[in-house]
Amino acid sequence: MRKERLIVPAIAVVVVIWMAAQLLSSVLFERSMHQALEDLKARGEWRVQRTENDPGWLTSHGKVILSPLLGRPWRLEVSYRARHGILNTDIEGTLMPRLDTVLQRAVGDVSVPSAPRWQGRYQTLSGHTELRLALAPLVIEQDGRYLEVRGARVRLEGVFGDWRLRGLFNELVIKDRDARLVLGPSVLESRYTYTQDAYHFNQHDRLHIESLSLTHPDLNLTVTPLELNSDMVLDEQELRIASELVVGDAILTDEAPQAPILRGRIEAELSRIDADAVREVIVQLRQEAARGSVEMPVEEGLLARLEPNLLQTLKASPRLDIHAIDMESPLLGIDIDANGALFFDPRRLEALSLIDATHEPMPSHWRSRFEGDITWQNAPPVAALWLGLPLSTRSLTFDLIQGNWRVNGRPLPNF
(Lines give C-alpha, C1' and ligand atoms only; values in the text may rest on other atoms or scores of the structure.)
Protein backbone atom coordinates (compact mmCIF):
# COMPACT_ATOMS: atom_id res chain seq x y z
CA MET A 1 0.00 0.00 0.00
CA ARG A 2 2.85 2.33 0.90
CA LYS A 3 4.58 1.59 -2.46
CA GLU A 4 1.37 2.41 -4.34
CA ARG A 5 1.19 5.77 -2.60
CA LEU A 6 4.74 6.53 -3.79
CA ILE A 7 4.05 5.74 -7.46
CA VAL A 8 1.87 8.77 -8.14
CA PRO A 9 4.32 11.32 -6.69
CA ALA A 10 7.18 9.63 -8.54
CA ILE A 11 5.30 9.84 -11.83
CA ALA A 12 4.45 13.46 -11.10
CA VAL A 13 8.10 14.25 -10.43
CA VAL A 14 9.16 12.55 -13.70
CA VAL A 15 6.49 14.49 -15.63
CA VAL A 16 7.58 17.77 -14.06
CA ILE A 17 11.24 17.05 -14.85
CA TRP A 18 10.35 16.10 -18.43
CA MET A 19 8.25 19.26 -18.90
CA ALA A 20 11.01 21.40 -17.42
CA ALA A 21 13.59 19.77 -19.72
CA GLN A 22 11.33 20.32 -22.73
CA LEU A 23 10.80 23.94 -21.77
CA LEU A 24 14.54 24.43 -21.25
CA SER A 25 15.26 22.83 -24.64
CA SER A 26 12.78 25.17 -26.33
CA VAL A 27 14.16 28.24 -24.52
CA LEU A 28 17.79 27.38 -25.34
CA PHE A 29 16.92 26.73 -28.99
CA GLU A 30 15.15 30.08 -29.22
CA ARG A 31 18.10 31.83 -27.59
CA SER A 32 20.52 30.11 -29.97
CA MET A 33 18.38 31.10 -32.96
CA HIS A 34 18.31 34.72 -31.82
CA GLN A 35 22.08 34.71 -31.25
CA ALA A 36 22.76 33.17 -34.68
CA LEU A 37 20.71 35.88 -36.41
CA GLU A 38 22.50 38.58 -34.41
CA ASP A 39 25.84 37.06 -35.42
CA LEU A 40 24.76 37.23 -39.05
CA LYS A 41 23.85 40.89 -38.69
CA ALA A 42 27.13 41.72 -36.95
CA ARG A 43 29.20 41.69 -40.15
CA GLY A 44 27.03 44.43 -41.66
CA GLU A 45 26.59 42.57 -44.96
CA TRP A 46 23.04 41.25 -44.59
CA ARG A 47 19.64 42.47 -43.57
CA VAL A 48 17.99 39.80 -41.41
CA GLN A 49 14.27 39.86 -40.73
CA ARG A 50 12.26 37.28 -38.79
CA THR A 51 8.78 37.53 -40.25
CA GLU A 52 7.26 34.52 -38.47
CA ASN A 53 8.08 33.08 -35.07
CA ASP A 54 5.95 30.57 -33.17
CA PRO A 55 7.97 29.02 -30.31
CA GLY A 56 6.55 26.05 -28.41
CA TRP A 57 7.41 23.36 -25.92
CA LEU A 58 7.31 20.47 -28.37
CA THR A 59 7.67 22.21 -31.72
CA SER A 60 8.60 25.64 -33.06
CA HIS A 61 8.32 27.09 -36.53
CA GLY A 62 9.01 30.35 -38.28
CA LYS A 63 10.48 32.15 -41.28
CA VAL A 64 13.60 34.26 -41.71
CA ILE A 65 14.28 36.53 -44.69
CA LEU A 66 17.88 37.30 -45.68
CA SER A 67 18.73 40.05 -48.17
CA PRO A 68 22.06 41.70 -49.08
CA LEU A 69 22.57 45.33 -48.17
CA LEU A 70 24.35 46.21 -51.39
CA GLY A 71 23.39 45.65 -54.98
CA ARG A 72 20.06 44.96 -56.62
CA PRO A 73 17.65 43.61 -53.99
CA TRP A 74 16.96 39.92 -53.83
CA ARG A 75 16.06 37.86 -50.83
CA LEU A 76 16.19 34.33 -49.53
CA GLU A 77 13.21 33.08 -47.54
CA VAL A 78 14.24 30.42 -45.02
CA SER A 79 11.42 28.53 -43.32
CA TYR A 80 12.06 26.15 -40.43
CA ARG A 81 10.24 23.70 -38.18
CA ALA A 82 11.94 22.43 -35.03
CA ARG A 83 11.00 19.35 -32.98
CA HIS A 84 12.37 19.77 -29.47
CA GLY A 85 13.82 16.88 -27.53
CA ILE A 86 15.44 16.88 -24.12
CA LEU A 87 18.98 16.51 -25.51
CA ASN A 88 18.56 17.47 -29.19
CA THR A 89 16.33 19.56 -31.40
CA ASP A 90 15.80 18.34 -34.97
CA ILE A 91 15.22 21.06 -37.54
CA GLU A 92 14.08 21.02 -41.15
CA GLY A 93 12.89 23.61 -43.61
CA THR A 94 13.00 25.05 -47.12
CA LEU A 95 14.87 27.76 -49.01
CA MET A 96 13.14 29.96 -51.57
CA PRO A 97 14.97 32.69 -53.54
CA ARG A 98 12.95 35.77 -54.47
CA LEU A 99 13.89 38.50 -56.96
CA ASP A 100 12.41 41.95 -57.27
CA THR A 101 10.62 42.81 -60.51
CA VAL A 102 13.53 44.73 -62.07
CA LEU A 103 16.05 42.01 -61.26
CA GLN A 104 13.66 39.33 -62.52
CA ARG A 105 13.51 41.07 -65.89
CA ALA A 106 17.30 41.51 -65.97
CA VAL A 107 18.25 37.98 -64.94
CA GLY A 108 15.42 35.96 -66.43
CA ASP A 109 13.52 32.94 -65.20
CA VAL A 110 14.85 30.65 -62.51
CA SER A 111 13.97 27.02 -63.05
CA VAL A 112 14.03 24.94 -59.84
CA PRO A 113 12.35 21.49 -59.77
CA SER A 114 11.34 21.99 -56.11
CA ALA A 115 12.11 24.25 -53.17
CA PRO A 116 15.49 23.14 -51.76
CA ARG A 117 15.10 21.49 -48.37
CA TRP A 118 17.56 21.56 -45.51
CA GLN A 119 17.96 19.64 -42.28
CA GLY A 120 19.82 20.24 -39.05
CA ARG A 121 20.28 19.37 -35.40
CA TYR A 122 20.82 21.56 -32.33
CA GLN A 123 22.40 19.99 -29.24
CA THR A 124 20.77 21.43 -26.14
CA LEU A 125 23.63 21.03 -23.66
CA SER A 126 26.62 22.04 -25.82
CA GLY A 127 24.85 24.55 -28.09
CA HIS A 128 26.44 22.89 -31.12
CA THR A 129 24.43 23.27 -34.34
CA GLU A 130 24.76 21.41 -37.63
CA LEU A 131 22.80 22.30 -40.79
CA ARG A 132 22.86 20.37 -44.07
CA LEU A 133 21.56 21.34 -47.49
CA ALA A 134 21.33 19.33 -50.70
CA LEU A 135 20.69 21.58 -53.70
CA ALA A 136 19.03 20.09 -56.75
CA PRO A 137 20.14 21.25 -60.22
CA LEU A 138 18.82 24.66 -61.27
CA VAL A 139 19.00 26.80 -64.39
CA ILE A 140 18.81 30.58 -64.89
CA GLU A 141 18.08 31.62 -68.51
CA GLN A 142 17.95 34.90 -70.41
CA ASP A 143 18.07 35.59 -74.16
CA GLY A 144 20.16 32.55 -75.04
CA ARG A 145 22.40 32.92 -72.00
CA TYR A 146 22.14 30.59 -69.06
CA LEU A 147 23.68 29.63 -65.77
CA GLU A 148 23.36 25.99 -64.74
CA VAL A 149 24.21 24.65 -61.29
CA ARG A 150 24.41 20.88 -61.42
CA GLY A 151 23.76 20.24 -57.74
CA ALA A 152 25.54 20.96 -54.49
CA ARG A 153 25.82 19.87 -50.85
CA VAL A 154 26.51 22.31 -48.03
CA ARG A 155 27.16 21.70 -44.32
CA LEU A 156 27.31 24.47 -41.72
CA GLU A 157 28.21 23.65 -38.11
CA GLY A 158 29.51 25.34 -35.00
CA VAL A 159 28.73 27.29 -31.85
CA PHE A 160 28.67 30.95 -30.90
CA GLY A 161 32.01 32.46 -31.94
CA ASP A 162 33.15 29.58 -34.15
CA TRP A 163 31.43 28.42 -37.35
CA ARG A 164 32.64 26.09 -40.10
CA LEU A 165 31.22 25.69 -43.60
CA ARG A 166 31.97 23.02 -46.17
CA GLY A 167 30.40 23.04 -49.61
CA LEU A 168 30.72 20.43 -52.35
CA PHE A 169 29.59 21.76 -55.71
CA ASN A 170 29.10 19.84 -58.91
CA GLU A 171 29.79 21.52 -62.23
CA LEU A 172 28.79 25.13 -62.76
CA VAL A 173 28.11 25.95 -66.43
CA ILE A 174 27.86 29.49 -67.81
CA LYS A 175 26.96 29.91 -71.47
CA ASP A 176 26.75 33.18 -73.40
CA ARG A 177 26.07 32.63 -77.07
CA ASP A 178 29.30 31.09 -78.50
CA ALA A 179 31.22 31.13 -75.20
CA ARG A 180 30.93 28.39 -72.58
CA LEU A 181 32.61 28.25 -69.16
CA VAL A 182 32.57 25.10 -67.02
CA LEU A 183 33.79 25.16 -63.41
CA GLY A 184 34.12 22.21 -61.11
CA PRO A 185 33.72 20.02 -59.31
CA SER A 186 34.63 22.42 -56.50
CA VAL A 187 35.12 22.39 -52.73
CA LEU A 188 34.69 25.42 -50.48
CA GLU A 189 35.91 25.26 -46.88
CA SER A 190 35.48 28.22 -44.55
CA ARG A 191 35.97 28.90 -40.84
CA TYR A 192 34.78 32.07 -39.13
CA THR A 193 35.73 32.86 -35.52
CA TYR A 194 34.70 36.09 -33.81
CA THR A 195 33.96 37.96 -30.59
CA GLN A 196 30.76 39.76 -29.60
CA ASP A 197 29.41 42.01 -32.39
CA ALA A 198 32.36 40.92 -34.61
CA TYR A 199 34.62 43.45 -32.85
CA HIS A 200 37.46 41.04 -33.64
CA PHE A 201 37.18 38.26 -36.19
CA ASN A 202 39.23 35.82 -38.22
CA GLN A 203 37.98 34.19 -41.41
CA HIS A 204 39.82 31.53 -43.38
CA ASP A 205 38.53 30.40 -46.79
CA ARG A 206 39.79 27.77 -49.18
CA LEU A 207 38.26 27.28 -52.63
CA HIS A 208 39.52 24.37 -54.72
CA ILE A 209 38.27 24.09 -58.31
CA GLU A 210 39.20 20.77 -59.86
CA SER A 211 39.06 22.14 -63.38
CA LEU A 212 38.14 25.23 -65.37
CA SER A 213 37.29 24.96 -69.05
CA LEU A 214 36.61 27.89 -71.39
CA THR A 215 35.36 27.21 -74.89
CA HIS A 216 35.22 30.12 -77.35
CA PRO A 217 35.62 30.42 -81.13
CA ASP A 218 38.90 32.31 -80.55
CA LEU A 219 40.17 30.51 -77.46
CA ASN A 220 39.94 27.07 -75.88
CA LEU A 221 41.54 27.05 -72.43
CA THR A 222 41.62 24.52 -69.59
CA VAL A 223 43.11 25.00 -66.12
CA THR A 224 43.55 22.02 -63.77
CA PRO A 225 43.33 22.71 -60.89
CA LEU A 226 42.73 26.21 -59.49
CA GLU A 227 42.90 27.08 -55.78
CA LEU A 228 42.37 30.24 -53.75
CA ASN A 229 43.28 30.56 -50.05
CA SER A 230 42.39 33.61 -48.00
CA ASP A 231 42.85 34.72 -44.38
CA MET A 232 41.04 37.83 -43.14
CA VAL A 233 41.82 39.16 -39.65
CA LEU A 234 40.33 42.16 -37.87
CA ASP A 235 42.23 42.89 -34.65
CA GLU A 236 42.51 45.94 -32.40
CA GLN A 237 44.52 47.99 -34.90
CA GLU A 238 44.04 46.81 -38.47
CA LEU A 239 42.28 44.63 -40.99
CA ARG A 240 44.62 42.26 -42.83
CA ILE A 241 43.82 40.07 -45.80
CA ALA A 242 46.37 37.46 -46.89
CA SER A 243 45.68 35.52 -50.09
CA GLU A 244 47.31 32.87 -52.23
CA LEU A 245 46.27 31.92 -55.75
CA VAL A 246 47.56 28.61 -57.09
CA VAL A 247 47.16 28.03 -60.82
CA GLY A 248 47.61 24.50 -62.16
CA ASP A 249 48.41 23.68 -65.75
CA ALA A 250 46.76 26.26 -68.02
CA ILE A 251 46.64 24.70 -71.48
CA LEU A 252 45.54 26.08 -74.85
CA THR A 253 43.89 22.88 -76.00
CA ASP A 254 43.85 23.76 -79.72
CA GLU A 255 47.27 25.40 -80.15
CA ALA A 256 49.50 23.56 -77.64
CA PRO A 257 47.79 20.66 -75.87
CA GLN A 258 51.06 19.27 -74.47
CA ALA A 259 52.81 22.31 -72.94
CA PRO A 260 51.09 24.57 -70.35
CA ILE A 261 51.12 28.24 -71.20
CA LEU A 262 51.13 29.10 -67.50
CA ARG A 263 51.30 27.57 -64.00
CA GLY A 264 52.45 28.69 -60.57
CA ARG A 265 51.26 30.76 -57.64
CA ILE A 266 50.84 34.34 -56.40
CA GLU A 267 50.96 35.19 -52.69
CA ALA A 268 50.07 38.65 -51.37
CA GLU A 269 48.84 40.43 -48.23
CA LEU A 270 46.87 43.65 -47.83
CA SER A 271 47.40 45.28 -44.42
CA ARG A 272 47.17 48.53 -42.44
CA ILE A 273 43.46 49.05 -43.08
CA ASP A 274 42.35 51.01 -40.02
CA ALA A 275 40.37 48.73 -37.69
CA ASP A 276 38.30 51.40 -35.95
CA ALA A 277 37.17 52.83 -39.28
CA VAL A 278 36.23 49.34 -40.47
CA ARG A 279 34.13 48.85 -37.33
CA GLU A 280 32.45 52.21 -37.93
CA VAL A 281 31.53 51.10 -41.45
CA ILE A 282 30.08 47.84 -40.08
CA VAL A 283 28.03 49.71 -37.48
CA GLN A 284 26.78 52.13 -40.13
CA LEU A 285 25.79 49.26 -42.42
CA ARG A 286 23.83 47.65 -39.58
CA GLN A 287 22.01 50.93 -39.03
CA GLU A 288 21.21 51.11 -42.74
CA ALA A 289 19.81 47.57 -42.56
CA ALA A 290 17.57 48.52 -39.63
CA ARG A 291 16.09 51.41 -41.63
CA GLY A 292 15.61 49.42 -44.85
CA SER A 293 12.85 47.11 -45.97
CA VAL A 294 12.76 43.63 -47.51
CA GLU A 295 12.14 45.04 -50.99
CA MET A 296 14.79 47.78 -50.67
CA PRO A 297 17.36 46.83 -47.99
CA VAL A 298 19.13 50.20 -48.18
CA GLU A 299 18.03 53.67 -49.16
CA GLU A 300 19.45 55.66 -52.06
CA GLY A 301 22.71 57.50 -51.48
CA LEU A 302 24.34 54.76 -49.40
CA LEU A 303 27.82 55.34 -50.84
CA ALA A 304 27.65 59.06 -50.05
CA ARG A 305 26.78 58.30 -46.43
CA LEU A 306 29.50 55.65 -46.14
CA GLU A 307 32.19 57.67 -47.92
CA PRO A 308 33.66 59.50 -44.88
CA ASN A 309 34.17 56.27 -42.93
CA LEU A 310 35.35 54.35 -46.00
CA LEU A 311 38.03 56.98 -46.65
CA GLN A 312 39.09 56.78 -43.00
CA THR A 313 39.93 53.10 -43.47
CA LEU A 314 42.88 54.37 -45.57
CA LYS A 315 44.36 56.74 -42.96
CA ALA A 316 47.00 54.25 -41.76
CA SER A 317 48.56 54.03 -45.26
CA PRO A 318 47.41 50.60 -46.53
CA ARG A 319 50.18 48.36 -47.80
CA LEU A 320 50.05 45.55 -50.37
CA ASP A 321 52.93 43.11 -49.90
CA ILE A 322 53.50 40.87 -52.90
CA HIS A 323 55.37 38.08 -51.16
CA ALA A 324 55.79 35.92 -54.25
CA ILE A 325 54.95 35.78 -57.92
CA ASP A 326 56.25 32.34 -58.77
CA MET A 327 55.01 31.55 -62.27
CA GLU A 328 56.38 29.71 -65.27
CA SER A 329 55.39 29.23 -68.88
CA PRO A 330 56.77 25.97 -70.28
CA LEU A 331 55.26 26.90 -73.65
CA LEU A 332 57.14 30.23 -73.85
CA GLY A 333 60.14 29.17 -71.79
CA ILE A 334 59.70 32.04 -69.30
CA ASP A 335 60.02 31.90 -65.49
CA ILE A 336 58.80 34.71 -63.22
CA ASP A 337 60.27 35.11 -59.73
CA ALA A 338 59.14 38.46 -58.37
CA ASN A 339 58.19 40.23 -55.15
CA GLY A 340 57.59 43.75 -53.92
CA ALA A 341 55.28 46.12 -52.08
CA LEU A 342 52.84 48.92 -52.94
CA PHE A 343 51.73 51.73 -50.62
CA PHE A 344 48.93 54.28 -50.44
CA ASP A 345 49.58 57.90 -49.44
CA PRO A 346 46.83 58.87 -46.94
CA ARG A 347 47.54 62.59 -46.72
CA ARG A 348 44.56 64.90 -47.38
CA LEU A 349 41.97 62.16 -47.67
CA GLU A 350 39.27 64.85 -47.88
CA ALA A 351 40.52 65.67 -51.39
CA LEU A 352 39.49 62.20 -52.61
CA SER A 353 36.05 60.95 -53.53
CA LEU A 354 34.64 57.47 -54.03
CA ILE A 355 31.47 58.78 -55.65
CA ASP A 356 33.42 60.59 -58.41
CA ALA A 357 36.17 57.97 -58.69
CA THR A 358 35.36 57.30 -62.37
CA HIS A 359 35.07 60.95 -63.40
CA GLU A 360 38.15 63.00 -64.31
CA PRO A 361 40.21 64.37 -62.72
CA MET A 362 39.46 62.11 -59.73
CA PRO A 363 40.96 58.89 -61.24
CA SER A 364 44.33 60.64 -61.65
CA HIS A 365 44.11 61.90 -58.05
CA TRP A 366 43.66 58.34 -56.84
CA ARG A 367 46.49 56.99 -59.03
CA SER A 368 48.88 59.65 -57.74
CA ARG A 369 48.51 58.25 -54.20
CA PHE A 370 50.11 54.88 -55.07
CA GLU A 371 53.83 54.17 -54.79
CA GLY A 372 56.03 51.10 -54.46
CA ASP A 373 58.15 48.69 -56.42
CA ILE A 374 58.17 45.12 -57.75
CA THR A 375 61.41 43.31 -58.60
CA TRP A 376 61.65 40.47 -61.12
CA GLN A 377 64.75 38.39 -60.46
CA ASN A 378 66.54 36.46 -63.21
CA ALA A 379 64.35 37.88 -65.95
CA PRO A 380 64.87 36.30 -69.39
CA PRO A 381 66.46 38.38 -72.18
CA VAL A 382 63.16 38.45 -74.09
CA ALA A 383 61.54 40.41 -71.21
CA ALA A 384 64.29 43.02 -71.38
CA LEU A 385 63.80 43.20 -75.15
CA TRP A 386 60.05 43.84 -74.72
CA LEU A 387 60.81 46.67 -72.29
CA GLY A 388 63.48 48.30 -74.44
CA LEU A 389 66.35 47.41 -72.08
CA PRO A 390 69.74 45.85 -72.86
CA LEU A 391 69.57 42.09 -73.44
CA SER A 392 72.08 41.58 -70.61
CA THR A 393 69.58 42.91 -68.04
CA ARG A 394 68.76 40.17 -65.53
CA SER A 395 66.91 42.10 -62.81
CA LEU A 396 63.88 44.24 -63.59
CA THR A 397 62.63 46.72 -60.97
CA PHE A 398 59.22 48.20 -61.65
CA ASP A 399 58.84 51.43 -59.65
CA LEU A 400 55.44 53.02 -59.09
CA ILE A 401 55.90 56.74 -58.40
CA GLN A 402 52.76 58.80 -57.87
CA GLY A 403 50.79 56.40 -60.03
CA ASN A 404 53.33 56.23 -62.89
CA TRP A 405 55.34 53.08 -63.65
CA ARG A 406 59.05 53.06 -64.43
CA VAL A 407 61.27 50.07 -65.09
CA ASN A 408 64.95 50.22 -64.09
CA GLY A 409 64.64 54.01 -63.92
CA ARG A 410 63.07 54.38 -67.38
CA PRO A 411 59.43 55.16 -68.23
CA LEU A 412 57.48 52.03 -68.95
CA PRO A 413 56.94 51.64 -72.73
CA ASN A 414 53.44 51.97 -74.13
CA PHE A 415 52.24 48.62 -75.42
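**Exercises on a predicted model**

Leaving aside neighbours within four places in sequence, Arg83 touches Leu58, Thr59, Asn88, Thr89, Asp90 and Glu92, where contact means heavy atoms within 4.5 Å. The model is predicted, so local features need pLDDT of at least 70 and side-chain atom pairs count only at pLDDT 80 or more, while totals for chains, interfaces and linings use all residues. Residues are numbered from 1 along each chain as its sequence is written, and side-chain values use heavy atoms, with hydrogens and water left out.

**Exercise 1.** Determine where Arg83 is placed and whether Arg83 is buried, partly exposed or exposed.

*Solution.*
- Step 1: Arg83 belongs to strand 3 (residues 74-84); helices (H or I, at least four residues) and strands (E, at least two) are DSSP runs, numbered from the N terminus.
- Step 2: Buried means under 20% relative accessible area, exposed over 50%, and partly exposed in between (1.4 Å probe, protein chains only).
- Step 3: The relative accessible area of Arg83 is 42%, so Arg83 is partly exposed.
- Step 4: His61 is 22 residues from Arg83 in sequence, and the two are 8.9 Å apart in space, C-alpha to C-alpha.

**Exercise 2.** Classify the aromatic pair of Phe344 and Trp366, then the pair of Phe344 and Phe370.

*Solution.*
- Step 1: Rings of Phe, Tyr and Trp (its six-membered ring) pair if their centres lie within 6.5 Å; planes under 30 degrees apart count as stacked, over 60 as edge-to-face and the rest as tilted.
- Step 2: A search of the whole structure finds five aromatic pairs.
- Step 3: For Phe344 and Trp366, the ring centres are 5.9 Å apart and the planes stand at 35 degrees, so this pair is tilted.
- Step 4: This pair links distant parts of the chain, with Phe344 in strand 21 (residues 334-344) and Trp366 in helix 5 (residues 362-367), 22 residues apart.
- Step 5: Phe344 and Phe370 form an edge-to-face pair, with 5.3 Å centre to centre and 65 degrees between the planes.
- Step 6: Phe370 lies in strand 22 (residues 370-377), 26 residues from Phe344.
- Step 7: Phe344 counts as buried because its relative accessibility is 5%, whereas Phe370, at 35%, is partly exposed.

**Exercise 3.** State how many helices and strands the chain has, and what share of its residues is buried.

*Solution.*
- Step 1: The secondary structure comprises six helices and 25 strands.
- Step 2: Of the 415 residues in the chain, 37% are buried.
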